[in-house]
Amino acid sequence: MGAGARVAAGRPAPEAGAAQPGAGTLLDVRDLRVGFHGGARGVVRAVDGVSFSLRRGEALAIVGESGSGKSAMALSLSGLTCEAGADVQGAVEFEGVDLLAAGERRLRRVRGAGIATVFQDPMSALNPVQRIGAQIAEQVLAHEPLSKAAAAARAVQALRAAGVPEPERRARSYPHELSGGLRQRAMIAMALSCSPRLLVADEPTTALDVTVQAQILAELARLRAETGMAVILVTHDLGVVAGFADRVLVMYCGQIVEQGSVSEIFEDPQHPYTWGLLGSIARMEGERPRRLPAIDGVPPSPARPPAGCRFHPRCPHAMPACKAPVELRDRVGGGRLDRCVLEVERKRALRTRSGAIGL
Ligand SMILES: Nc1ncnc2c1ncn2[C@@H]1O[C@H](COP(=O)(O)OP(=O)(O)OP(=O)(O)O)[C@@H](O)[C@H]1O
Ligand SMILES: [Mg+2]
């Protein structure tokens with residue numbers, strides 16, 4: 001069974017279209033640009049003009065091949081790429097305040113309690129020489145005027161909520177004493193301890209085996225339902241996208257190439273790059289790939305992107321028009337966006353003919 005069929009059968013179609021800034025908007029990202037100084041490579045434009053909005057409580061998946069700028073984008077939302085020395089431009093408005101223009105104090109307040117981040121490798125975020133419970137309590141105390149005992153109790157509660165068995169005992173463990181799955185849950189507990197309105201999870205389960213991965217994502221989905229927090233999930237696993245997200249943003253070489261609801265992306269994908277990603281799952285006959293299998297050719301360097309549609313050198317349907325700049329806009333109707341100049345009906349015919357997706 002193809003991933004699209006899983007979507008159609010497994011979950012109600014979410015509301016169509018992209019979120020528009022306004023009431024209910026939690027995050028509004030406008031023309032975000034993140035550049036790293038890459039030595040001989042020149043400036044690496046890891047994120048090159050990304051705009052999107054997120055509603056309160058919404059789950060957005062960001063997908064794309066390795067190097068497409070997913071992490072640079074996700075980490076910029078709470079100022080983490082600025083700290084890493086990147087040149088960050090544009091606006092990241094969270095609850096109406098532009099975080100890129102905000103001072104360090106404001107950012108520190110937002111981090112944790114407003115936007116919490118879970119990383120692919122929990123060891124990079126956990127302090128190896130401090131007990132798990134103490135680390136979580138410390139974060140709680142940085143945001144809330146609680147007693148030490150109350151913060152410690154909150155840490156245990158957060159570990160329990162994240163599905164850590166025997167949370168009182170685990171709170172006294174050091175990170176290296178936990179399995180990979182438990183460490184990731186501890187990281188999620190830390191992220192949830194201050195009740196964030198937005199959880200940014202950058203490939204939170206890629207390093208884990210498939211069973212643990214599924215358990216943790218189910219836990220995240222449950223916590224989202226219980227707390228009403230919004231989630232941005234960066235992932236290579238399109239199977240995860242189908243079961244978890246409301247909306248999908250497909251990134252290629254630092255830009256969004258397509259954006260729409262899960263059912264729109266799986267059932268009527270507009271950009272040939274998305275077809276490639278989805279076709280890879282369909283060919284696997286229902287098995288969930290852990291990483292997106294390769295599309296023919298290699299992604300271009302974000303230091304020297306091709307002119308026009310950045311995918312055109314790899315696209316089997318490229319035409320001369322694809323070498324001219326292509327904007328991201330609504331070509332189908334309903335508020336979804338894509339960056340492909342082929343006519344909508346022609347795309348549908350091409351997709352059917354090539355069997356690009358198994359629907
Ligand atoms: N600190 C850095 N310094 C220089 N270049 C960087 C840095 N971080 C990322 N890049 C470059 O920016 C581009 C985007 O990287 P990013 O990590 O955001 O991709 P990604 O989509 O998250 O990939 P993956 O799926 O492998 O995690 C890549 O070309 C990468 O080499
Ligand atoms: Mg990444």
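Visitor: Is Asp246 buried or exposed?

Guide: In this predicted model, Asp246 has 18% relative accessibility. Buried means under 20%, so Asp246 counts as buried.

Visitor: What does Asp246 form a salt bridge with?

Guide: The general idea is that side chains of opposite charge can pair when their charged atoms come close. Here Asp246 pairs with Arg224, and their closest N and O atoms are 2.9 Å apart. The pair links distant parts of the chain: Asp246 sits in the loop between helix 10 (238–244) and strand 9 (247–252), while Arg224 is in helix 9, 22 residues apart. Arg224 has a relative accessibility of 19%, so Arg224 counts as buried.

Visitor: Which residue forms a salt bridge with Asp268?

Guide: Arg348 does, with the closest N and O atoms 2.6 Å apart. This pair also joins distant parts of the chain, 80 residues apart: Asp268 belongs to the loop between helix 11 (262–267) and helix 12 (272–283), and Arg348 to helix 13 (residues 344–354).

Visitor: How do I read burial for Asp268 and Arg348, buried or partly exposed?

Guide: Take each residue separately. Asp268 has a relative accessible area of 16% and is buried. Arg348, at 27% relative accessibility, counts as partly exposed.

Visitor: Which residues are linked in a network of salt bridges?

Guide: Asp268 and Arg348 belong to such a network, together with Glu258, Arg336, Glu345 and Arg351.

Visitor: How many salt bridges does a search of the whole structure find?

Guide: The search finds 27. One further case is the salt bridge between the side chains of Glu219 and Arg185, at 2.9 Å from N to O. Glu219 lies in helix 9 (residues 210–227) and Arg185 in helix 8 (residues 180–192), so the pair ties together parts 34 residues apart in sequence. Both Glu219 and Arg185 are buried.

Visitor: How many residues of helix 8 are buried?

Guide: Twelve of its 13 residues are buried, so helix 8 is largely enclosed by the rest of the structure. Among the buried ones are Arg183, Gln184 and Arg185, along with Leu182, Met187 and Ile188.

Visitor: What should helix 8 span at 1.5 Å a residue?

Guide: The expected span is 1.5 Å times one less than the number of residues. For the 13 residues of helix 8 this comes to 18 Å, and the end C-alpha atoms are 18 Å apart, which agrees.

Technical notes. Residues are numbered from 1 along each chain as its sequence is written. Chains are lettered from A and ligands numbered from 1 in the order in which they are written. This is a predicted model: local features need pLDDT of at least 70, side-chain atom pairs count only at pLDDT 80 or more; totals for chains, interfaces and linings use all residues. Side-chain values use heavy atoms; hydrogens and water are left out. A salt bridge is a side-chain nitrogen of Lys or Arg within 4 Å of a carboxyl oxygen of Asp or Glu. Helices (H or I, at least four residues) and strands (E, at least two) are DSSP runs, numbered from the N terminus. Buried means under 20% relative accessible area, exposed over 50%, partly exposed in between (1.4 Å probe, protein chains only).
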